[in-house]
Amino acid sequence: LPAQTARGLLAQMGRAAAAVVNIDDLNAAPVAPRFFTDLVGRLQQFCGLEPSNAQLAAALASAAHRGGRSFDEVAEGAFAAAISLEPDNPNHRYNRGLFYKTRGRFEESVEDNRQAITLGIQTDGAKWNMGIAATASGQGTLALETFRGLGLKLELSPEVGVTPVIFPVL
């Protein structure tokens with residue numbers, strides 16, 4: 001394959017890596033470790049050849065995130081590169097926010113999802129992620145406002161401890 005075609009194909013595979021792993025299992029061991037090791041390695045090579053290609057960086061970030069915790073450093077660096085190269089692309093912020101949420105870095109997830117929303121992301125996923133991360137990071141008021149913005153009828157428990165308790169209003 002010509003190099004340009006190979007880069008494009010690898011970028012598509014990196015983005016498609018999200019489909020290989022169920023979003024509910026993002027903290028589980030990778031389902032195909034060799035596949036992800038090979039894919040991440042090849043994407044790293046091409047990112048080195050084209051450091052100004054935001055789509056390759058985003059594909060590397062996606063593949064590394066789905067590849068498991070052993071690739072966290074690679075994923076975080078690739079997310080940062082994609083955001084640096086395309087700061088107005090809300091998808092990069094949303095995807096890094098999801099990464100942070102799955103890694104228990106809830107305050108960082110809140111901020112990235114907030115940025116994705118501000119930049120005009122076209123999915124409620126950023127709001128859901130922000131609400132979940134706000135709840136987990138003890139930001140009950142923000143979580144409540146976020147979930148209410150999604151049409152949920154919820155209240156914040158008056159017995160707020162470290163983690164806020166949000167319950168449905170009947």
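Tutor: A salt bridge is counted when a side-chain nitrogen of Lys or Arg lies within 4 Å of a carboxyl oxygen of Asp or Glu. The model is predicted, so local features need pLDDT of at least 70 and side-chain atom pairs count only at pLDDT 80 or more, whereas totals for chains, interfaces and linings use all residues. Residues are numbered from 1 along each chain as its sequence is written, and side-chain values use heavy atoms, with hydrogens and water left out.

The structure holds 8 salt bridges. One of them joins the side chains of Asp72 and Arg103, with N and O 2.9 Å apart. Asp72 belongs to helix α4 and Arg103 to the loop between α5 and α6 (106-118), so this pair ties together parts 31 residues apart in sequence. (Helices are DSSP runs of H or I with at least four residues, strands are E runs of at least two, and both are numbered from the N terminus.) Asp72 and Arg103 are both buried, a term for under 20% relative accessible area, against over 50% for exposed and partly exposed in between, with a 1.4 Å probe and protein chains only.

Because Arg105 lies in the loop between α5 and α6 and Glu76 in α4, the pair links parts 29 residues apart in sequence. Arg105 counts as partly exposed because its relative accessibility is 26%, and Glu76 counts as partly exposed at 26%. Glu76 and Arg105 are also linked with Glu108 in a network of salt bridges.

Helix α5 is tied to helix α6 as well. Asp112 forms a salt bridge with Arg93, the closest N and O atoms being 3.0 Å apart. Asp112 is in α6 and Arg93 in α5, so the pair ties together parts 19 residues apart in sequence. Both Asp112 and Arg93 are buried.

The packing of the helices comes next. Helix α3 (residues 54-67) and helix α4 (residues 72-85) pack at an angle of about 155°, with axes 8 Å apart; axes are lines fitted to C-alpha atoms over the stretch in contact, and angles between N-to-C directions run from 0 to 180 degrees. The angle therefore makes α3 roughly antiparallel to α4, since over 145 degrees counts as roughly antiparallel, under 35 as roughly parallel, 65 to 115 as roughly perpendicular and the rest as oblique. The contact, meaning heavy atoms within 4.5 Å, includes Ala57, Leu60 and Ala61 of α3 and Val74, Ala78 and Phe79 of α4. Its residues divide into 13 nonpolar, 1 polar and no charged; Ala, Val, Leu, Ile, Met, Phe, Trp, Tyr, Cys and Pro count as nonpolar, Asp, Glu, Lys and Arg as charged, and the others, Gly among them, as polar.

Helix α3 also meets helix α5 (residues 90-102), their axes coming within 11 Å and crossing at roughly 20°. Helices α3 and α5 are therefore roughly parallel. In this contact Ala54, Gln55, Ala58, His65 and Arg66 of α3 meet His92, Leu98, Phe99 and Thr102 of α5, and these residues divide into 4 nonpolar, 4 polar and 1 charged.

Finally, Glu73 also lies in α4. Glu73 is exposed because its relative accessible area is 72%.
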